[in-house]
Amino acid sequence: MKEKVLIVPCSGIGKSLGSVAREGAYIVTEELCPERTQLMPLALLVLGDKEPQTELSSAGAIAIDGCVRACAAKVVEGAGGTVAHGLQVLDVCRRHPDLKPSGISELDESGHKLAHALAEEVKELVDNMRGEVTHA
Amino acid sequence: MPELPKKKVGLIACSGEEIPEGTITRLAVRQVLESLRPQQTVTICLPLFLAGGEGDRAFARFHPTITVDGCEKRCAARGTEMYSDKPAVSIVVSDSACPNSAALGSARRLSGAGMQAVSDVADQIARHVDHLLDLKWDRRSGGPVDGSTPQEESKPRQAACSCGSGIPSQVLRVAGREVTLIALPLIFAQFREAGKLPSDSTKGQLIEAVRIYNLIPDEEESAYARAVTEEYAAFCRGGN
């Protein structure tokens, strides 16, 4: 793989699931796969500036969205990037029906657990992405 | 300008996830939405200007908007102006609240100084909200001084984002093509509530109200007026 995998979380500030997306992205990029991933703030892609677009064009991206409007995935594609994988936090929620996150500025315990579950799923995708390239 | 039902100040945080100043924008905006001015403010996610529809992009045309950016790139301010409208106020955290970025903690975990910066920026936003709404705040009661409260919805609301709704819009057929008109359902509702029946005199008022939120080419004004008036008549007949 030429570059680190870009992790692009939803930048939502109105719902708990947006906060879960962001926290999950931090866990991946800071704890689980810091050497293989890089956080890409969505706001940087909104303006159409060249620098982040160049980064996108040379790396695979995993978009993590907090709601069905899927801003992260849409904006990555709109900026010329390729969404290798698009995750919806709501889908992760469905796989963990015992976790009911709440809180936005500060996630509750359930929210943190969900973020960890999300991060584990993203890590697996990162592992597979790198494997695909290595064996290509 | 018609007094449409929601007179609130829009807040847009850059939310930049890679620097502590971005986290400060997000938490400060939340503090204003949740605690300082919950009845007077609303927010929308910046990326929705790209990923959303016309209703989302009308946000800053509909609400006087304060953008809060973490750094000099000013993604929120520039993005808002590019896709929606010029913000009424633009705050940059790195310019004002925190001269020493290293003391703020990390983007994921702010330090005590970082949390203090959140409070400072939130206070700054609240002051701008009051100014934009011409709101006088009674510090002792913790509420607005009588007579300065802006027009509000009667039911209590939660501090939440606008991304589930956007600004209501409606598609009309004008001069043989479909056009999306921002705020049209609200304008119709307001006119009907004011007892303004569909008529030639209402037509002029309607088109002036529609023009505030939408670009109407001069050469097509009569076609727009005709389509809007017909739709308003249908709206009144239907009792929407």
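Helices are taken here as DSSP runs of H or I of at least four residues, numbered from the N terminus, and in this sense A:Leu32 has its place in helix H1 of chain A, residues 16-32. The structure is a predicted model. With 18 other C-beta atoms within 10 Å, A:Leu32 is partly exposed, because that state lies between the limit of 20 or more for a buried residue and that of 12 or fewer for an exposed one. When residues up to four places away in sequence are not counted, A:Leu32 touches A:Ile27, A:Ala119 and A:Lys123.

The contact between the chains draws on 26 residues from chain A and 29 residues from chain B. On the side of chain B that touches chain A, helix H1 (20-36), helix H2 (48-51) and helix H5 (75-83) of chain B each supply at least two residues. The residues of this side of chain B comprise 17 nonpolar, six polar and six charged.

Within chain B, the domain assignment gives domain 1 (9-144) and domain 2 (169-238), and the C-alpha centres of these two domains of chain B lie 33 Å apart. Contact between them involves five residues of domain 1 of chain B and five residues of domain 2 of chain B. On the side of domain 1 of chain B that touches domain 2 of chain B, two or more residues come from each of helix H3 (54-57) and helix H4 (59-62) of chain B, and the residues of that side divide into two nonpolar, one polar and two charged.

Helix H3 of chain B also contains B:Arg57, which is buried, since 22 other C-beta atoms lie within 10 Å. Leaving aside neighbours within four places in sequence, the contacts of B:Arg57 are with B:Phe49, B:Gly52, B:Tyr83 and B:Ser84. For B:Arg57 and B:Tyr83, which are 26 residues apart along the chain, the separation of the C-alpha atoms is 6.1 Å.

The largest nonpolar core has 100 residues, of which A:Val8, A:Ile64, A:Val76, B:Val68 and B:Ile125 touch the most other members. Helix H7 of chain B (residues 112-132) gives the most to this core, with eight residues. Because both domain 1 (9-144) and domain 2 (169-238) of chain B give residues to the core, it lies between them. For A:Val8, contacts beyond its neighbours within four places in sequence include A:Met40, A:Leu42, A:Ile64 and A:Val76.

Strand S3 (residues 65-69) and strand S4 (residues 89-92) of chain B pair in the parallel sense over four bridges, and B:Val92 in S4(B) is the bridge partner of B:Asp69. The chain passes from S3(B) through H5(B) to S4(B) in a β-α-β crossover that is right-handed.

In helix H8 of chain B (residues 184-193), the buried residues are B:Leu184, B:Leu186, B:Ile187, B:Phe188 and B:Phe191. The elements that cover these buried residues of H8(B) include strand S7 (169-174), strand S8 (177-182), helix H9 (200-213) and helix H10 (221-238) of chain B. After H8(B) comes B:Gly195, with a positive phi near 75 degrees.

Conventions
Residues are numbered from 1 along each chain as its sequence is written. Chains are lettered from A and ligands numbered from 1 in the order in which they are written. This is a predicted model: local features need pLDDT of at least 70, side-chain atom pairs count only at pLDDT 80 or more; totals for chains, interfaces and linings use all residues. Two residues are in contact if their C-beta atoms, placed from the backbone, lie within 7 Å. Ala, Val, Leu, Ile, Met, Phe, Trp, Tyr, Cys and Pro count as nonpolar, Asp, Glu, Lys and Arg as charged, and the others, Gly among them, as polar. Domain bounds come from an automatic or database domain assignment. A nonpolar core is a set of buried Ala, Val, Leu, Ile, Met, Phe, Trp, Tyr and Cys residues joined through C-beta atoms within 7 Å. Two strands pair if DSSP finds at least two bridges between them. A crossover is right-handed if, with the strands pointing away from the viewer, the path from the first strand over the helix to the second runs clockwise.
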